[in-house]
Amino acid sequence: MTTTEIRKTIADSEHSDWFNSVNLHIQYPYSDFDQTLTGFSSIFKFFEQQIDGWEKFGEDIPSELKDSKKQFIGYRKKLEKYINIYASSNYDESQLKNSWNSEKNQIQNSKTLFVYDAPQTDFLIKTYREVPKYYSGAYNFIAGNYNISNKDSMIGNLLAYEFELKDYTELTKRRNKEKSSIGRLRNDIRSQLSESEIQLSEHLKSANDEFKIYIEKIDQLKTEKETNFQEWFGNSKQEFTEFDNASKEKINDLEHTYEELLRLKKPAEYWSTRATKLNREGWKAIYWLVGLVSFACVTLYLLLWLTPEGMLLSFIEGQTSAIKWSIIYVTFISFLAFGIRALNKVAFSSFHLSRDAEEREQLTYVYLSLIKDSAVDDKEKSLIMQSLFSRAETGLLKGDSGPAMPNDISAKIFGSN
């Protein structure tokens, strides 16, 4: 794990405040390092920095310093294991504190380690690499083991002594003060880093809490929008289905009406033309009737008022010629009456048939309108068909009438779908 992952884990934990309040007092006398770190992420970052710092030196370092590097790696693993176990589990603070004290004591009890950025570390590595035979004496001197068994040990001690600057010269005092100032500065920097880690962890927790609230609002908004969309989609789907069904029914009705129109178009046109023709024929018969009546009136007038004198004397005297004139007169009057009666029948028959054709034409369009509105069932349709295609009385013959067209024939010719 990295420090960033540690921070995120702490921010997600229910005990983030406790993790940011833990402390660890680290004291390494060999490196003149003494500092208290606060905050779990600060402690983890310290060991991570030490491991990275030791990596920069490579493998060409003394075994004592390699041991420090191994110890720091072990401490980092302990911290990773601890955060993985206790950050995401339901432990109370007393359990967290007890387990932390156990880990804390193990880390604090190691006091013989070197930090990578200490002057003593740099001095020992430089001595090991440049004059390795004096390294043992120099290390023992810094570690407090003042054992001079040979010349190399003694020189190593002297080198370490010179490094520690134990003289009282002005130069020595100045260098000691600078060294002390640098140490205080390094400790101040580490303290600031520890404080920054705590602030960063708190900021991450706050940001994480705000992010969760924001996510909840987004989820709520998403759920609301999905619900609204589902309602809208359901209503739209239902409306579209109803519209589609109504459109299909309307189209079917229109198709059926169109088919019926195609079937009845020619009969309707025939009835329209027939009505016009019969109407003209009726008026023509009226004109002839009027002419014939006028002719009969004029003829009778002439016969009655302009009758020859011999003809009247024959009637008075009882001559046989009177019978002849009577027969001629009756015959003439009979022909006129027959012609007038025939023209009368023709005229009124034409008008009757014309009106009948007009009614059949109008009934056809009424029938098509009813079909369009689906207001006609099969029984009513059969009755209408009988009315449309039944024979009409002409009035020219006595008892003139036509039987209704059989239902099966009309259904075959003008059957409904």
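Student: How much accessible surface does the protein chain have, and what share belongs to carbon and sulfur atoms?
Tutor: The accessible surface comes to about 26700 Å², with 57% belonging to carbon and sulfur atoms. Accessible areas come from the Shrake-Rupley method with a 1.4 Å probe, and for residues only the protein chains shown count as cover. This is a predicted model: local features need pLDDT of at least 70, side-chain atom pairs count only at pLDDT 80 or more, and totals for chains, interfaces and linings use all residues. Residues are numbered from 1 along each chain as its sequence is written, and side-chain values use heavy atoms, leaving out hydrogens and water.

Student: What percentage of the residues count as buried?
Tutor: Of the 417 residues, 33% do. Buried means under 20% relative accessible area, exposed means over 50%, and partly exposed is in between (1.4 Å probe, protein chains only).

Student: How many helices and strands are there?
Tutor: The chain has 13 helices and 2 strands. Both are DSSP runs, numbered from the N terminus: helices are H or I with at least four residues, strands are E with at least two.

Student: Which residues form a nonpolar patch on the surface?
Tutor: Phe 211, Tyr 214, Ile 215 and Ile 218 do, with about 380 Å² of accessible area together. Patches take residues with over 30% relative accessible area and no salt bridge; like charges are joined within 9 Å, nonpolar side chains (Val, Leu, Ile, Met, Phe, Trp, Tyr) within 5 Å.

Student: Where does Phe 211 lie?
Tutor: Phe 211 is in helix 9, residues 170–305. Phe 211 counts as partly exposed because its relative accessibility is 48%.

Student: New topic. How many salt bridges does the structure hold?
Tutor: It holds 6. A salt bridge is a side-chain nitrogen of Lys or Arg within 4 Å of a carboxyl oxygen of Asp or Glu.

Student: Which residue forms a salt bridge with Asp 244?
Tutor: Lys 248, with the closest N and O atoms 3.3 Å apart. Both residues lie in helix 9, 4 residues apart, about one turn of the helix. Asp 244 is partly exposed at 25% relative accessibility. Lys 248 is partly exposed at 47%.

Student: And what about Glu 358 and Arg 355?
Tutor: Their side chains meet in a salt bridge, 3.7 Å from N to O. Both sit in helix 11 (residues 320–372), 3 residues apart. Glu 358 is partly exposed at 36%, whereas Arg 355 counts as exposed at 52%.

Student: Which residues are linked in a network of salt bridges?
Tutor: Glu 55, Glu 59, Lys 66 and Lys 69. Within it, Glu 59 and Lys 66 meet at 4.0 Å, N to O.

Student: Now rings. How many aromatic pairs are there?
Tutor: A search of the whole structure finds 25. In the pair of Phe 114 and Tyr 139, the ring centres are 6.1 Å apart and the planes are at 45°, so the pair is tilted. Rings of Phe, Tyr and Trp (its six-membered ring) pair if their centres lie within 6.5 Å; planes under 30 degrees apart count as stacked, over 60 as edge-to-face and the rest as tilted.

Student: Are Phe 114 and Tyr 139 buried or exposed?
Tutor: Both are buried. Phe 123 and Phe 163 form another aromatic pair, a stacked one: 4.6 Å centre to centre, with 15° between the planes. That pair links distant parts of the chain, 40 residues apart: Phe 123 is in helix 6 and Phe 163 is in helix 8 (residues 151–164).

Student: Which residues do ring pairs link into a cluster?
Tutor: Trp 18, Phe 19, Phe 40, Tyr 82, Tyr 86 and Trp 100.
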